[in-house]
Amino acid sequence: MAEERRVVTVLFVGLVGLDAAASPDPEDAAESAAEVVDALFSRFRRVIEARGGTVDKFVGETVMGVFGAPTAHEDDPLRAVRAALGMKRELELFNAQRSLELKIRVGVNTGEVLWGSVGGDRPTAMGDAVNVAQRLQSEARPGEVLASRSVARATAYRVEYGAERELRLRGRQDSVGASEALRETATVIPPAGEIGPARLVGRSTELERIVKAISGAKGGFVLLEGDAGVGKTRLATAARDRARAAEPGMWIGVGHAQEGSPLPLGPFAEIVRAAARAASPAGETNEVAATRAFVSQVLAATVPGSAERSNFAHLMTRSMGQAGEGPAPGDATRARAETLEAWERWLRGLAKRAPVLLCLEDLHWADPATFALLDHLAAKLRDERVSILATTRPAPRIPGGFDRIRLAELPPAEAASLARELFRRDLDPELTAFLVDQSAGNPLYMEELVRFLSQEGFVEGNPARFATRPDRLPDGLRGLLVSRIDAVSADAREALKCGSVFGRAFWSAATGTLAGRDVAPALELAGRRNLVQRAAASLLPQDEEFHFRQSPLRDAAYSLLTKKERQRLHARAAELLEPLAPHLGRRVLILAAGHRELAAQPEPASKLWTKAAEEALNHYSYEEALSSARESQRIDGSPAAALCAVKALSVLGLNEQALAEADTLLEQPGLEESLRFRTLRQKSVVHERRGEFAKALEICDALLAEPRSAFQHGAIRRERYGLLYRLSRFDECLREAREVARRVEPLAAEGKPEAKVELGNAISQEVRVLIRLGEYEKALEASDRAYRLFLEAGEGMNAANSLNNKGNALMDLGRYAEARQAYEDALAVFREAGDRWRIAMVLTNLASVAFNEGDPDRCFAVSAEALAIRQEIGDKWGEGMLLGNEGDFRNRMGRPEEAIPILERARDLRAGTGDRLGVSIALERLAEARLDLGDAAGARAAAEESLAILKSLGLEQRRAHRKKVLAEALGAEGRTEEARALLEPLAAD
């Protein structure tokens, strides 16, 4: 077997008086002595094994027993002493039965040994702890059980001992303290040193401030900041208890960020998983299904539509890194905004039931998406009954909108009060000064220091005072914690060491795999010793999750592993986690990536980080995608990760940085061709998002010229005619769309669904251009055809798009009732699907219908809803179009002073996207408003600029109205001849 370091209790039992028990006949003496030893040692074996020990060896007239290997128990020292006392009783019976006067000498000692095989033989214990036990046995008086100081202290709660004496043992320089074990006591005295968390001491000002913030009628957002062990969790717990007492029905969720690996929305995900597990029916094993069912149930209070509710539930579970089927990603910016809204709506739903308090711990380890969500919630939920109380160590990033409370160490007077609370008695001045000085006011350090002094027997009496002043202390807090871990059974110690490889959170079965044994009993013991606690829910379904009670405890357990063993265990942990990724999502990839790196396996670690980044992009979690990509780039500069970073930066609105990193990637020598192609396409997307449609078009044209990208030419062409439309190059756009239609028409005629969809998309693009060109009847006919194609292919969303296009043509024809019906039919589909970009699009159109039907109140109400969505999802193009409409409506109502700033904003937004026709429309409306306000010169300038744009676009048929506006402006300026020259050709037409 492999050698292990184990803390065991060793006993040596030696017979005294065997010579007197032997036969007087020399020929029979050896045989009679052997018979006595065999009979007696058989009884001794039963005594040892009955108490959970192992007979290590028989040597002559001596028995060696080991307690704690191969199986450890929490009370191995007591078991060993009980066995020693039991052998004394067994010997008394044996003597009575045989009329003998044998005695035994017993030595018992606890310490660390090397447990393993020697020369291929069965396992044995080796080390100084064995030598000390053997020497104690030699020093014991006949009939005496001599226990070392470590054994006596560990069993004093159940065994009565004689006075301690100092012994000089052979081969040892220092004396060894030892006591005679007299008898087992009938009354159990609680063992010294079982120190638990004390009540909160001090912090009254901070506590009142927190409770006031989180217990009010509106939401409170509080961040507790302080160093490790300073008491953040204890203060947060006290505040939580006070809030619960004040509002017994309060809904409380507690979540932790995971150290080492930034799990997607880690603390929020833990809260949802725990709540979903509590709410799910017994026997439910599908984590994703249970989570979505619970989330949907809560969302029902704020999201009435079943499909929109399903979409929000899908977005939430995906944002937590869960696997599972769901709708394909749509527009990235829109999806990100909708994910934030999904969480907001979910919390609003909880708040309709009861006040909500979320307690988030260890934010210094949180992923970027957690901070983005916290920023959003703090801005949106201040008027709701939702509060968030978070803790963090000092860190460069903190959430916005939180009331920040910094915790320092306790002042001396309060530190002294904490010491008295932990000892549960008064202290003398010397002990008080020692504790205050050594702990430096850190509550966790104080707690562990008190535990150490109590367990080691350095303190006695009431008031408590030094029994002997310690001549040593473990090296800092970690040393105190290591001594605490060493005090549990060897099995529990090994389980904690293996569990620490995963982090503060770990899992029973997974840890058992690393340890090579079932660790459940060991974790039960560690829980009783206040080292770990069960989690309410588990990141790994079907595997119970545990947490170290404090992060420093995890660090202490991890410090016991050698570098070589750490690397081996991290590699094994990664092997366990990677196969779970398809079922549990990218959160497992993130954990596995961290383990691969710690296992000194950089290449697989980088690949896992890149894969996690790609999945985060697909699931709308862009801050997380960027963070994962950066981890991969840090390890080996992965080009695939760099591309993920470019995509994430673009969606997050960091377009300058996205372009710079795309260019850097494209300059890399030997860049793989597929990566170069994908980077160029992403660069085109970045330019489009910046409103640089011409630059985006240039890249598309370059890609279409490359034969190697032929497999993507169809998709690029679709992007290209969309860009042509945005650039108001309508003739080319129409030609491109019709070329695509011509190419796929035969395939669509054969009934191929994908060809029908592509043909429908080409025709829909043609409809948009026809409307811009004023060819409304053709547009109506084409939109009906596209609608039928989409229905035949089962594409409901695209069919609704066709209805919206049809509504646009009908509205321009003045057929408002028909247009309204088309829009409302389309809106019902988009609302059901939860597609907020398209919802805003149709609402914009419905606002125009309402105004033209003479209902301005409804018009502005609908427009306000659309504008809020446009602004939230960052749709500048759509926002400019909507504001242009609203400015026009206000001017037509005789309120030009309100209309002008709105129209100027619309003009600037449209200009920023490169939409020249949109700019021309905004300028035309701006000219009318300025004219109505009496600003003839301003009106003339706007009208002239609008006409110049139309001329450059070749849209002569749309210039008539602008010429009329310009003529009015010229007339108002007294330039009647110029005005007449403009109007006469129009009158002739």
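**Figure 1. Strands S18 and S19 in the predicted model.** In this predicted model, strands S18 and S19 run antiparallel and are joined by three bridges.

Figure 2. Three strands form an open sheet in the order S17-S19-S18, and their pairing is antiparallel. Strand S17 (505–507) and strand S18 (532–534) are the edge strands, each pairing on one side only. On average, neighbouring strands of this sheet are turned by 35° against each other, direction ignored.

**Figure 3. The largest cavity and its lining.** The structure holds five cavities of 30 Å³ or more. The largest cavity has a volume of about 190 Å³. Its lining comprises 18 residues, of which His256, Gln258, Leu263, Glu270 and Glu545 are the closest to its centre. Strand S19 (545–548) and helix H8 (266–279) each supply at least two residues of the lining of the largest cavity. Helix H8 provides the largest share of that lining, with four residues. By class, the lining of the largest cavity consists of seven nonpolar, four polar and seven charged residues.

**Figure 4. The second largest cavity and its lining.** The volume of the second largest cavity is about 130 Å³. Among the 13 residues that line the second largest cavity, Thr339, Leu340, Ala369, Tyr620 and Glu623 lie nearest its centre. Helix H11 (332–353), helix H12 (368–380) and helix H25 (622–636) are the elements that give two or more residues to this lining. The largest share of the lining of the second largest cavity comes from H11, which contributes four residues. Eight nonpolar, three polar and two charged residues make up the lining of the second largest cavity.

Figure 5. The buried residues of H12 are Pro368, Ala369, Thr370, Phe371, Ala372, Leu373, Leu374, His376, Leu377 and Ala378. One of these buried residues, Ala369, is also among the residues nearest the centre of the second largest cavity.

How values were computed. Residues numbered from 1 in each chain as written. Predicted model: local features only at pLDDT ≥ 70, side-chain atom pairs only at ≥ 80, totals over all residues. Heavy atoms only, no water. 1 Å grid on protein atoms, 1.4 Å probe; cavity = no way out; pocket = protein on both sides within 12 Å on 5 of 7 lines; lining within 4 Å. Points joined across faces, edges and corners; volume = space filled by probe spheres on them. Nonpolar A, V, L, I, M, F, W, Y, C, P; charged D, E, K, R; others polar. Buried < 20%, exposed > 50% of the residue type's maximum accessible area, 1.4 Å probe, protein only. Pairing = 2+ DSSP bridges. Axes fitted to C-alpha atoms, helices over the stretch in contact; angles between N-to-C directions.
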